[in-house]
Structure formats: structure tokens, C-alpha cells
Amino acid sequence: QVQLVESGGGLVQAGGSLRLSCAASGRTSTIVRIAWFRQAPGKERERVAASTWTGELTAYADPVKGRFAISKDNAKNMVYLQINSLKPEDTAVYFCAARRNIVGNYEYWGQGTQVTVSS
């Protein structure tokens, strides 16, 4: 089993920045993919950033390219999402997720952290 705990959300003005953190514990040696998702009220959950567990490869959803950056601290089993130039439409609950396979569904999820961007 893998446990994921997010932190770092909050209320920020448009144009500001936040860094979200995800602490991974348990059988982290089995993880091959890590990602950040978000879900806004009334909308479907969407993946905004993904990375290999080693951090070598990353991918981003079009709406966040150039503003979001996913990174890892391998020594601490921490995953980060740096969010810059925040927009009101970035308001959502942000989730950290992990999976043990190269393809397929994400198996492990954190509880989420709320990001609210005021205009």
C-alpha cells in the first residue's frame, strides 16, 4: 500500500503562486507514475501534471503548461506542484495520485488540498 498526503493549498490572489506538496509513504518502491489532478465544483476531475517516479519525464495539461511544474525530492519521497500566475479558473481541490503500472488507472490517492484563487 501507498499513502499520499497533500498540503500547501490556500487562498491566493490572481497572479500569485503556491507550492503544493505530496508526502508519499508505504511501499513507494512500487510506484512508477505520480500525478496531480484537480477537480473544480461541478466539473470532472482532470489531470494537470504527471511524472515518472524518478522525475525524468513530465507531462502537463494544455491549460497549465508554462505555469505549473511537477517535481520530486527522491530522498524525502515528496512530490511538489509549483503553481505560478494563478488564475481564478485554477480554483479546485488538488489531488496527488500514484500508480504501480506504466499505463492504467491511478490506484492511490491523497485526500486533496483546496486551492482558491480570488480575482
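Let's start with Ser85, which is partly exposed at a relative accessible area of 41%; partly exposed is the range between buried, under 20%, and exposed, over 50%, using a 1.4 Å probe and protein chains only. Ser85 sits in the loop between β8 and β9, where strands are DSSP runs of E with at least two residues, numbered from the N terminus. Its phi is positive, about 50°, although Ser85 is not a glycine.

A quick word on the model, friends. It is predicted, so local features need pLDDT of at least 70 and side-chain atom pairs pLDDT 80 or more, while totals for chains, interfaces and linings use all residues. Residues are numbered from 1 along each chain as its sequence is written, and side-chain values use heavy atoms, leaving out hydrogens and water.

Asn77 is another non-glycine with a positive phi, about 55°. You'll find Asn77 in the loop between β7 (68-73) and β8 (78-83), partly exposed with a relative accessible area of 22%.

Now please look at Arg99, in strand β9 (residues 92-99). Which side chain of opposite charge is nearest to Arg99? That is Glu107, 7.0 Å away, and the buried Arg99 has no salt bridge, meaning a side-chain nitrogen of Lys or Arg within 4 Å of a carboxyl oxygen of Asp or Glu. Instead, look at the backbone: the Arg99 side chain reaches the backbone oxygen of Asn101 at 2.8 Å, and that of Gly104 at 2.8 Å. Beyond its neighbours within four places in sequence, Arg99 is in contact with residues including Thr30, Ile31, Val32 and Tyr106; contact means heavy atoms within 4.5 Å.

Conventions:
Helix = DSSP H or I, 4+ residues; strand = E, 2+ residues; numbered from the N terminus. Lys, Arg positive; Asp, Glu negative; His and termini not counted. Polar contact = N/O pair within 3.5 Å; in protein donor to acceptor, adjacent residues only side chain to side chain.
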